[in-house]
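Please report on how this chain is put together. Cover helix packing, the nonpolar core and a few individual residues.

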Amino acid sequence: MYFALTDTQREFDRAVRDYLAQRFDLAAVREVVESADGAAGNDGAAGNDGAAGNPASLWAAAGEQGWLAVTVPEEHDGLGLGLVEAQVIARALGAGVAPGPWRGTVLAAEAVRLAGSDAQRATWLPRLAAGEAVGAFASRGSAAGGLPAVEYGAIADVVVAPAEDGVPGLVLLTGASATPVGSYDGTTRLAGLTGGSAEPLPGATVEVARGLADRATVLVAADLVGVAREALSRTVAYDREREQFGVPVGSFQAIKHALADLHVGVTMAEHAALYASYAVQEGLAGAELAVAVAKAKANDVALQSTAAMIQYHGGIGYTWEHEAHFFYKRARRLAGQWGDLRTARERIAALTM
């Protein structure tokens, strides 16, 4: 069986990459990274400015071009597509090291779609799909005890979070108080959340919660492989042009072989993320294993490729003025989300032994 992206899925990929290349390139990313701390511009409104880590132009594009509506059902003004299309978008956003709460908003919509009441779906899904509301998805803590570091929690209109520590169940949290949390990855803003009003998601069974965690893991893995591929591509392009001893440094065996090995690893990680998204979307047997494999491979190659980007760019790769640190810091942060390399490998071992 030949497994590949459809024309529609490729179009999503092209649309995101073309927009970023033409209207939100790495110079625009740098403006967000170098803007004031995450507390600035924090009025809780959707589509906040660069100081809040969510540039208005990029957020508007996410709503207008359907990036946020990808998994929302058509009856709630969405595109009615699936996790495969969502991971395509995630990969493209990772390649552009794009800031903003896209992933948290998509995951919040998935939680409402899978576990919400009819009233909750009608209230939140159209707004999340259009970008009229910002969503967040908490991976640590609880609504009762506090959420320590939520991506874009300070500007989120609704946060999906565990109800209590160690107790099954998810809630929609609104009106929480936010305290900005520092992050070495300037492409993302974090905030600790306390208080607020918690509304239970009635269908949030243990199985649904695990499924949402798998979806979150797949989207993070896809972002990581996007980072890895772009870091590798930029490194190869640079080493074809940079010369030492009268020849391109990319012609040296030590560098050439290392980059070839990275290409193989990134390609395998891309396929792993794609298959994991399909397995989760279709509820296939072995989906849990596929997710663990995808995260392990994505962690590995993203860390390797971004480190190689710094090293093989020579002295300039270590400077603040070069973009290599955007990719490296994003990879380091995301590699620890939803299972670091050791955790992912332990999960693989537990599922196969």
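## Loop residues with positive phi

V97 counts as buried, because its relative accessibility is 0% and the cut-off for buried is under 20%. The model is predicted. V97 sits in the loop that links α4 (83-95) to α5. Its backbone stands out too: phi of V97 is near 40°, a positive value, and the residue is not a glycine.

Y152 repeats the theme in another loop. This one runs between β2 (147-151) and β3 (158-164). Y152 is not a glycine, yet its phi is positive, about 55°. The relative accessibility of Y152 is 2%, so Y152 counts as buried. A glycine example follows α3: G66 has a positive phi, near 85°.

## The nonpolar core

The largest nonpolar core holds 103 residues. Within it, W67, W102 and V159 touch the most other members. Which helix gives the most to this core? Helix α7 (residues 206-241) does, with 14 residues. In soluble globular proteins, nonpolar side chains tend to be buried together.

Leaving out residues up to four places away in sequence, W102 touches W59, W67, L68, A86, I89, A90, L93 and L219.

## α5 against α6

Two packed helices are described by the angle between their axes and the distance between the axes. Helix α5 spans residues 102-115, and helix α6 spans residues 118-130. Their axes lie 10 Å apart, at an angle of about 155°. Angles over 145 degrees count as roughly antiparallel, so α5 and α6 are roughly antiparallel to each other. Their crossing is left-handed.

From α5, the contact uses T105, A108, A109, V112, R113 and L114. From α6, it uses Q120, R121, W124, L125 and L128. By class, seven of these residues are nonpolar, two are polar and two are charged.

## α9 against α11

Helix α9 (residues 287-312) packs with helix α11 (residues 341-352). The axes come within 9 Å and cross at roughly 150°. That angle makes α9 roughly antiparallel to α11. The crossing of α9 and α11 is left-handed.

On the α9 side, the contact residues are E288, L289, V291, A292, V293, K295, A296, N299 and D300. On the α11 side, they are L341, A344, R345, R347, I348, L351 and T352. This contact divides into nine nonpolar, two polar and five charged residues.

## D340, in the loop between α10 and α11

D340 lies in the loop between α10 (324-335) and α11. Is D340 buried, partly exposed or exposed? With a relative accessible area of 35%, D340 is partly exposed, because that class falls between under 20% and over 50%.

Beyond residues up to four places away in sequence, D340 touches N299 and A335. N299 is also one of the α9 residues that meet α11. D340 and R103 are 237 residues apart along the chain, and their C-alpha atoms are separated by 18 Å.

## α2 against α10

Helix α2 (residues 26-33) and α10 cross at roughly 65°, and their axes come within 11 Å. The crossing is left-handed.

L26, V29, R30 and V33 belong to α2 in this contact. H325, F326 and F327 belong to α10. The class tally is five nonpolar, one polar and one charged.

## L190 in strand β6

L190 is part of strand β6 (residues 190-194). Its relative accessibility is 15%, so L190 counts as buried.

Which residues does L190 touch, not counting those up to four places away in sequence? They are A149, V150, E151, P180, V181, G182 and S183. Among them, A149, V150 and E151 fall in β2 (147-151). L190 and A133 are 57 residues apart in sequence, with 18 Å between their C-alpha atoms.

Key
Residues numbered from 1 in each chain as written. Predicted model: local features only at pLDDT ≥ 70, side-chain atom pairs only at ≥ 80, totals over all residues. Heavy atoms only, no water. Axes fitted to C-alpha atoms, helices over the stretch in contact; angles between N-to-C directions. Helix = DSSP H or I, 4+ residues; strand = E, 2+ residues; numbered from the N terminus. Parallel < 35°, antiparallel > 145°, perpendicular 65-115°, else oblique. Left-handed = near helix turned anticlockwise from the far one by under 90°. Contact = heavy atoms within 4.5 Å. Nonpolar A, V, L, I, M, F, W, Y, C, P; charged D, E, K, R; others polar. Core = buried A, V, L, I, M, F, W, Y, C linked by side-chain atoms within 4.5 Å. Buried < 20%, exposed > 50% of the residue type's maximum accessible area, 1.4 Å probe, protein only.
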